Amino acid sequence: MSLYRDEGVVLRTQKLGEADRIVTILAKRTGKIRAVARGVRRTKSRFGARLEPFTHVDLQLHTGRTLDVVTQAETIRPYGETLAADYPRYTAGSAMLETADRLTHGEKEPALRQFLLLVGGLRTLADRGHEARLVLDAYFLRSLAVAGYAPALDACAKCQAPAIRAFAIVAGGVVCGACRPAGSAVPAGETIGLMTALLRGDWATADASEQRHRSECSGLVAAYLQWHLEHGIRSLRHVEREPV
């Protein structure tokens, strides 16, 4: 039996047998882990409470033939307790967990930067310092950047010309008039500025943005993310949007 320790965030769970559960975790050193937690569905299991989605947890596991087994779990911070009391933040957090799961494809492939982004995003949501949808869009953009899909926002994605006319998902970001494909969006300059601020962590600019530009930004970011994932993010349908 090979034992190892790591810390991680619980992304999702699924039932296994009468009392067990399969837990998917994004871990700091190991990457994505799918492991069995024995007996956690019993009514009095304190162990199970530490292995719920949103929980940042310190783990001990042993390597199994198909799935590893969680042998110890200690809570570092239970983000779910805070987020569950605030629907917009809970749904934004759910979309973060789902995105982290989708962007980390292989199991046990180190994904330190994705782990740090997820922990930072959940902490920012729980601390309530910024609007939930701004935090979510910042997380989406930075996670895409870490995965190698950062949108071009300063110059044309195709020819690098500085004269920006539109945003084209298929082209990889903003485009000039000459490179603009059919069906491109034509967002306000302030919307592109907001996307840039969120990608760079410029919260002073992001927090000062107008709601109409936030709404436009959210639509573009969600479409860009889902195009690159080649999949919809189911949690996004529940994310609350502020009125324009």
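The entries below go from domains to cores, then to one helix, ring pairs and a few backbone angles.

**Ground rules**

I am working from a predicted model, so I note that local features need pLDDT of at least 70, side-chain atom pairs count only at pLDDT 80 or more, and totals for chains, interfaces and linings use all residues. Residues are numbered from 1 along each chain as its sequence is written, and side-chain values use heavy atoms, with hydrogens and water left out.

**Entry 1: domains**

I began with the division of the protein, which gives domain 1 (3-78) and domain 2 (81-237); the bounds come from an automatic or database domain assignment. I found their C-alpha centres 29 Å apart. The contact (heavy atoms within 4.5 Å) involves 23 residues of domain 1 and 26 residues of domain 2.

I then looked up the buried area, meaning the accessible area (1.4 Å probe) that two parts lose on being put together, summed over both. Domain 1 and domain 2 bury about 1,900 Å² between them, and 63% of that is on carbon and sulfur atoms.

**Entry 2: the cores**

Next came the nonpolar cores, each a set of buried Ala, Val, Leu, Ile, Met, Phe, Trp, Tyr and Cys residues joined through side-chain atoms within 4.5 Å. For burial I used relative accessible area: under 20% is buried, over 50% exposed, and partly exposed lies in between (1.4 Å probe, protein chains only). The largest core has 47 residues, and L118, L122 and M195 touch the most other members. Elements giving two or more residues to this core include β1 (3-16), α4 (112-127), α5 (132-146) and α8 (211-229). Helices (H or I, at least four residues) and strands (E, at least two) are DSSP runs, numbered from the N terminus. Helix α5 gives the most to this core, with nine residues. Both domain 1 and domain 2 are represented, with at least three residues from each.

A second, separate core holds 16 residues, among them I25, A27, A37 and L59.

**Entry 3: L144 in α5**

L144 sits in helix α5 and is buried, at 0% relative accessible area. Setting aside neighbours within four places in sequence, I listed L103, Y149, A150, Y224, L225 and H228 as its contacts.

**Entry 4: helix α8**

With 19 residues, α8 should span 27 Å, and its end C-alpha atoms are 27 Å apart, which agrees. Its buried residues include H213, R214, C217, L220, V221, Y224 and L225. What do they pack against? I found α3, α5, β6 (166-168), β7 (173-175), α6 and α7 (203-207). After α8 comes E230, whose phi is positive, near 55°.

**Entry 5: aromatic pairs**

Rings of Phe, Tyr and Trp (its six-membered ring) pair if their centres lie within 6.5 Å; planes under 30 degrees apart count as stacked, over 60 as edge-to-face and the rest as tilted. I counted three aromatic pairs by this rule.

The rings of F54 and Y90 have centres 5.4 Å apart and planes at 50°, so this pair is tilted. F54 lies in the loop between α1 (46-49) and β4 (55-62) and Y90 in helix α3, 36 residues apart, so I marked the pair as linking distant parts of the chain. F54 is buried at 4% relative accessibility, whereas Y90 is partly exposed at 35%.

The rings of Y139 and F140 are also tilted, with centres 6.4 Å apart and planes at 50°. Y139 is buried at 2% relative accessibility, and F140 is buried at 0%.

**Entry 6: positive phi in two loops**

K108 has a positive phi of about 60°, lies in the loop between α3 and α4, and is partly exposed at 39% relative accessibility. R128 has a positive phi of about 60°, is found in the loop between α4 and α5, and is partly exposed at 42%.

Methods: The expected span of a helix is 1.5 Å times one less than its number of residues.
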